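This note is intended for a colleague meeting the structure for the first time. The points below are numbered so that each may be checked in turn.

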Amino acid sequence: MDEIRLKLRAFITDNFLFGRVDEKLSDEDSLIENGVIDSTGVLQLVSFLEDDCGVRVEDDEIVPDNLDSLSRLTAFASRKLNLLERSAMEV
């Protein structure tokens, strides 16, 4: 889970904070309310989750409960990856 969190934090820092590591962004901070991402940024996050993390994001999963903070993103990606892993073991 820490690996996913670190990967997501690096993506957010590089792509939305433009590498400003001094920008204080806690795991619980709202990415939308704090102006870190907008609707286009949400699509970039979804693309990153799918292409770089192997997480399939369904349209109905593109909601703030899953994507609006680093902790929510990490939990969402972890759940999806665990489901994928369990599914692969059952085959």
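1. A polar contact is a pair of N or O atoms within 3.5 Å; within protein, one of the two must be able to donate a hydrogen and the other to accept it. The model under review is a predicted one. In it, the side chain of Glu61 comes to 2.7 Å from the backbone nitrogen of Glu58, and that distance lies within the 3.5 Å limit.

2. Where does Glu61 lie? Its place is the loop between helix 2 and helix 3, the latter covering residues 64-67. Because buried means under 20% relative accessible area, Glu61 counts as buried at 17% relative accessibility. Neighbours within four places in sequence aside, Glu61 is in contact with Arg56, Asn66, Leu67, Phe76 and Lys80.

3. The search of the whole structure finds seven salt bridges. Among them is the pair of Asp27 and Arg5, whose closest N and O atoms are 3.9 Å apart. This pair links distant parts of the chain: Asp27 is in the loop between helix 1 and helix 2, Arg5 is in helix 1, and 22 residues separate them. Both residues count as partly exposed, Asp27 at 24% relative accessibility and Arg5 at 23%.

4. Which residues are linked with Asp27 in a network of salt bridges? The network consists of Asp2, Arg5, Arg9 and Asp27.

5. Arg72 lies in helix 4 and forms a salt bridge with Asp65, the closest N and O atoms being 3.5 Å apart. Asp65 is exposed, with a relative accessible area of 57%, while Arg72 counts as partly exposed at 36% relative accessibility. Beyond residues up to four places away in sequence, Arg72 touches Pro64, Asp65, Asn66 and Leu67. Computed along the sequence, Arg72 and Asp27 are 45 residues apart, yet their C-alpha atoms are 8.3 Å apart in space.

6. How many aromatic pairs does the search of the whole structure find? It finds two. The rings of Phe11 and Phe16 have centres 5.7 Å apart and planes at 85°, so this pair is edge-to-face; planes over 60 degrees apart count as such. Phe11 and Phe16 are both buried. Phe11 and Phe48 form a stacked pair, with 4.1 Å from centre to centre and 15° between the planes. Phe48 is buried, as is Phe11. Together, Phe11, Phe16 and Phe48 form one aromatic cluster.

7. Helix 1 deserves a separate remark. At 1.5 Å a residue, its 14 residues should span 20 Å, and the end C-alpha atoms are 20 Å apart, which agrees. Which residues of helix 1 are buried? They are Ile4, Leu8, Phe11, Ile12 and Thr13. In general, an α-helix has 3.6 residues a turn, so residues three or four places apart point the same way.

8. The largest nonpolar core holds 23 residues, of which Ile12, Leu31, Val36, Leu45, Leu49 and Leu73 touch the most other members. The elements giving two or more residues to this core are helix 1 (2-15), helix 2 (39-53) and helix 4 (70-90). Helix 2 provides the largest share, six residues.

9. Val36 may be taken as an example from that core. Residues up to four places away in sequence are not counted here; Val36 then touches Ile12, Phe16, Leu17, Leu25 and Leu31. Ile12 and Leu31 are, like Val36, among the core residues that touch the most other members, and Phe16 belongs to the aromatic cluster with Phe11 and Phe48.

Conventions: Residues numbered from 1 in each chain as written. Predicted model: local features only at pLDDT ≥ 70, side-chain atom pairs only at ≥ 80, totals over all residues. Heavy atoms only, no water. Core = buried A, V, L, I, M, F, W, Y, C linked by side-chain atoms within 4.5 Å. Buried < 20%, exposed > 50% of the residue type's maximum accessible area, 1.4 Å probe, protein only. Helix = DSSP H or I, 4+ residues; strand = E, 2+ residues; numbered from the N terminus. Contact = heavy atoms within 4.5 Å. Salt bridge = Lys/Arg side-chain N within 4 Å of Asp/Glu carboxyl O. Phe/Tyr/Trp six-rings, centres within 6.5 Å; stacked < 30°, edge-to-face > 60°. Expected span 1.5 Å × (residues − 1).
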